[in-house]
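Me: I have a structure open on my screen and would like to learn how to read it. Could you take me through some of its features, one at a time?

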Amino acid sequence: MENKEVIIEVKDLVKSFDDRKVLDGVNLKVHKGETLVIMGGSGCGKSTLLRHMTGAYKPDSGSTFIKGKDITKMKESEFDNIRKIFGMVFQYSALYDSMDVEENISLVLKEHTKLAKDIISIMVKMKLELVGLRGFEKFLPSQISGGMRRRVGLARAIAMDPEIVFYDEPTAGLDPIVAGVIDRLILDLSKKLHITSIVVTHDMRSAFTIADRIIMLYEGKIIAEGTPDEIKSGKDPRLVQFVEGNPDGPIQFFQNSGEYLEELTK
Amino acid sequence: MLGMISGIGSIVLSTLSQVGGIFILFGQTLYWMFIGPFIGKAASRKNIFAQMVFTGANSLLIVFFVSFFTGIVLAMQSAYQLAQLGAEMYVASLVAVSMARELGPVLTALVVAGRVGAAITAELGSMKVTEQIEALQTQALNPVRYLVVPRFLALLVMLPCLTIFSDLMGMLGGYVMGVFNIGINSGMYIDITIDFLTLKDIYTGLIKSVFFGMIIALIGCYMGLNTSGGAEGVGRATTVSVVTSFIMVILADCILTGIFFFSQM
Ligand SMILES: Nc1ncnc2c1ncn2[C@@H]1O[C@H](COP(=O)(O)OP(=O)(O)OP(=O)(O)O)[C@@H](O)[C@H]1O
Ligand SMILES: [Mg+2]
């Protein structure tokens with residue numbers, strides 16, 4: 001891994017929302033062509049970390065480098081050129097709901113390329129075929145199911161044949177078969193097209209299937225990092241608890257502080 | 001006491017930052033309108049057209065109703081006063097001048113703020129809370145260029161058009177009332193209207209409506225793009241947007257009327 005080209009680097013990232021520290025000094029490197037899985041409990045800041053890599057959030061301190069360039073200090077117009085090499089699959093799809101499926105996917109192609117209309121429509125069909133939704137071109141996002149929306153979101157993310165794809169929980173809420181299809185798709189994209197993938201997921205089965213490397217985020221810090229095998233045999237009790245899905249352990253489900261009894265009788 | 005002062009302070013600060021935000025949005029809109037086309041990034045013509053239809057054509061009916069009946073009311077109201085001077089036929093000029101200078105532009109702006117401004121905030125607001133705005137940005141599609149410019153242009157062009165329509169419908173209402181009810185001779189009503197109505201009356205009204213259009217578009221888009229807090233947030237943003245637009249339209253009307261009045265336009 002070490003000799004591989006670093007495509008994304010996150011350095012000392014700190015981010016708070018109203019005095020609540022969500023990311024507390026995150027450092028990580030993503031290598032070209034690898035699939036990195038970010039896991040961690042709900043609300044631990046996985047989506048927030050992803051958003052710092054896509055430039056949607058600005059950090060309080062620290063920086064994100066994409067292909068060696070600091071995107072936190074970049075002009076918008078310059079950053080737009082970098083955005084064209086990546087795609088993002090959103091946790092709640094975020095499809096454009098005034099447009100049908102075909103327009104959702106073709107919008108970037110129309111805006112950023114000079115391809116002819118019929119070529120674009122062929123490309124849209126190919127992307128839809130990849131996610132198993134050919135024939136749904138004319139449906140509006142409100143007319144298809146949540147799982148289908150997620151898949152259209154995936155097709156949209158890869159419309160421009162990006163070098164990097166960010167996935168925010170791509171398989172959450174999908175039936176196991178479709179989740180398996182998405183996993184295979186992510187694998188195919190990275191193995192055949194050498195796309196770099198950064199995947200946020202809680203789904204252990206999926207994480208161990210697709211990951212080249214896994215990191216675990218807890219309380220704004222990375223507490224474990226390694227290949228799927230290293231993670232499976234990891235000794236950190238927090239990691240073990242998470243992987244096994246054990247309700248009891250060092251990670252407390254209850255995120256509030258203070259005495260329960262005190263608060264009840266106050 | 002200290003709490004009150006800091007409360008007022010934070011309201012002032014947030015208002016100032018909103019005003020600043022609206023001006024920044026205005027600057028960005030102008031940038032994408034005038035510089036965008038030269039760097040090959042014009043707003044899409046299809047979007048502009050769709051917005052124009054929504055803003056203009058679909059507002060015709062409600063503008064017609066509001067203006068026509070306002071014309072009727074205006075005619076009755078002024079006939080009542082002018083009758084005491086025995087000068088009922090001047091109902092015609094009064095209706096025409098008030099519609100063109102004041103009521104046409106203001107009523108149209110208020111109707112459009114309620115209809116189009118609210119729709120803009122609701123639409124952009126729900127795009128914001130469902131992360132569609134962020135999706136546009138990650139696809140290197142600037143939301144100002146893609147969403148704001150078409151709406152801004154549509155209002156800039158369609159509000160003056162609707163205002164002309166409103167002026168005419170108001171005068172028609174006055175005519176119907178004046179001729180069929182008050183009993184002014186039809187030819188005379190038209191003659192007096194044309195004699196008294198100057199070009200200045202019409203273009204000061206149109207200048208106003210251009211400003212109103214910009215106000216409605218900018219406030220509507222700004223409130224939409226800065227929505228937070230889910231579906232409830234969208235509802236709140238929409239209300240705030242309409243109320244703010246109303247106040248700003250009236251305020252701008254006051255200032256513009258003052259300028260036209262004191263500069264003898
Ligand atoms: N825009 C925001 N404003 C305020 N707080 C925010 C914002 N975005 C995220 N947070 C807070 O940051 C924390 C982390 O949120 P984030 O969405 O990154 O969690 P997550 O790890 O993706 O969780 P999940 O697995 O449930 O999606 C949460 O406590 C959330 O309340
Ligand atoms: Mg999340």
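Me: At roughly what angle do the axes of helix H4 and helix H6 of chain B cross?

Reply: Before the angle, a word on the ground rules. This is a predicted model, in which local features need pLDDT of at least 70, side-chain atom pairs count only at pLDDT 80 or more, and totals for chains, interfaces and linings use all residues. Residues are numbered from 1 along each chain as its sequence is written, chains are lettered from A and ligands numbered from 1 in the order in which they are written, and side-chain values use heavy atoms, with hydrogens and water left out.

Now the idea: axes are lines fitted to C-alpha atoms, for helices over the stretch in contact, and angles run from 0 to 180 degrees between N-to-C directions. Helices (H or I, at least four residues) and strands (E, at least two) are DSSP runs, numbered from the N terminus. Here, H4(B), residues 91-129, and H6(B), residues 143-182, cross at roughly 145 degrees, and their axes come within 7 Å.

Me: Which residue classes make up the contact of H4(B) with H6(B)?

Reply: Ala, Val, Leu, Ile, Met, Phe, Trp, Tyr, Cys and Pro count as nonpolar, Asp, Glu, Lys and Arg as charged, and the others, Gly among them, as polar. For the contact of H4(B) with H6(B), the division is 18 nonpolar, six polar and three charged.

Me: How many helices and strands does chain B have?

Reply: Chain B has nine helices and zero strands. Its C-alpha trace spans about 65 × 55 × 35 Å along the principal axes.

Me: What average pLDDT does chain B have?

Reply: pLDDT is the predictor's confidence in each residue, from 0 to 100. Where it is low, the predicted coordinates should not be read in detail. Chain B averages 91, and 99% of the residues score at least 70. For the complex, the predictor gives an ipTM of 0.88 and a pTM of 0.89.

Me: Is Thr227(B) buried or exposed?

Reply: Buried means under 20% relative accessible area, exposed over 50%, and partly exposed in between (1.4 Å probe, protein chains only). Thr227(B) counts as buried because its relative accessibility is 3%. You will find Thr227(B) in the loop between helix H8 (199-225) and helix H9 (230-262) of chain B.

Me: What does Thr227(B) touch?

Reply: Contact means heavy atoms within 4.5 Å. Setting aside neighbours within four places in sequence, the partners of Thr227(B) include Gly125(B), Lys128(B) and Val129(B), as well as Gly233(B). The side chain of Thr227(B) also reaches the backbone oxygen of Met223(B) at 2.9 Å.

Me: Where is Leu140(A), and is this residue buried or partly exposed?

Reply: Leu140(A) sits in the loop between helix H4 (117-130) and helix H5 (146-157) of chain A. At 31% relative accessibility, Leu140(A) counts as partly exposed. Beyond residues up to four places away in sequence, Leu140(A) touches Asp97(A), Ser98(A), Met99(A) and Asp100(A). Leu140(A) and Glu102(A) are 38 residues apart along the chain, with their C-alpha atoms separated by 9.0 Å.

Me: What is the phi of Ala140(B) near?

Reply: Most residues other than glycine have a negative phi. Ala140(B) has a phi near 60 degrees, a positive value in a residue other than glycine. Ala140(B) lies in the loop between helix H5 (132-138) and H6 of chain B, and is buried, with 5% relative accessibility. In chain A, Glu169(A) has a positive phi near 45 degrees; Glu169(A) is buried too, at 8%.

Technical notes
A polar contact is a pair of N or O atoms within 3.5 Å; within protein, one must be able to donate a hydrogen and the other to accept it, and residues adjacent in sequence count only if both atoms are side-chain atoms.
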